[in-house]
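The sequence and structure are shown first, followed by points grouped by topic.

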Amino acid sequence: MEKILNKFKNENKILLMLAFFSISKGLWENFRQLWLQDNN
């Protein structure tokens with residue numbers, strides 16, 4: 001049972017990191033787009 005829990009925790013960590021990365025990338029793209037619009 002504990003092994004399953006540990007595996008789940010590890011997979012959750014990876015998922016959280018992926019989600020965080022994609023959100024920050026999306027925010028960065030958005031910010032860059034706005035900045036380009038302002039400074040054209």
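**Salt bridges in helix α1**

R32 and E29 are about one helical turn from each other, because three residues separate their positions in helix α1. The model is predicted, and three salt bridges are found in it. Side chains of opposite charge can pair when their charged atoms come close.

**The network of K25, E29 and R32**

- R32 and E29 form a salt bridge in which the closest N and O atoms lie 3.4 Å apart.
- Through salt bridges with shared partners, K25, E29 and R32 are joined into one network.
- E29 also meets K25 in a salt bridge, with an N to O distance of 3.6 Å.
- K25 and E29 are four residues apart in helix α1, which is about one turn of the helix.

**The pair K7 and E11**

- K7 is in a salt bridge with E11, and their closest N and O atoms are 3.8 Å apart.
- K7 and E11 are separated by about one helical turn because they stand four residues apart in helix α1, which covers residues 2-38.

**Accessibility of the partners**

- K7 counts as exposed because its relative accessibility is 53%, where the cut-off for exposed is over 50%.
- E11 has a relative accessibility of 42% and therefore counts as partly exposed.
- K25, at 44% relative accessibility, is classed as partly exposed.
- E29 has a relative accessible area of 31%, so this residue is partly exposed.
- R32 is likewise partly exposed, with a relative accessibility of 37%.

Key. Residues are numbered from 1 along each chain as its sequence is written. This is a predicted model: local features need pLDDT of at least 70, side-chain atom pairs count only at pLDDT 80 or more; totals for chains, interfaces and linings use all residues. Side-chain values use heavy atoms; hydrogens and water are left out. A salt bridge is a side-chain nitrogen of Lys or Arg within 4 Å of a carboxyl oxygen of Asp or Glu. Helices (H or I, at least four residues) and strands (E, at least two) are DSSP runs, numbered from the N terminus. Buried means under 20% relative accessible area, exposed over 50%, partly exposed in between (1.4 Å probe, protein chains only).
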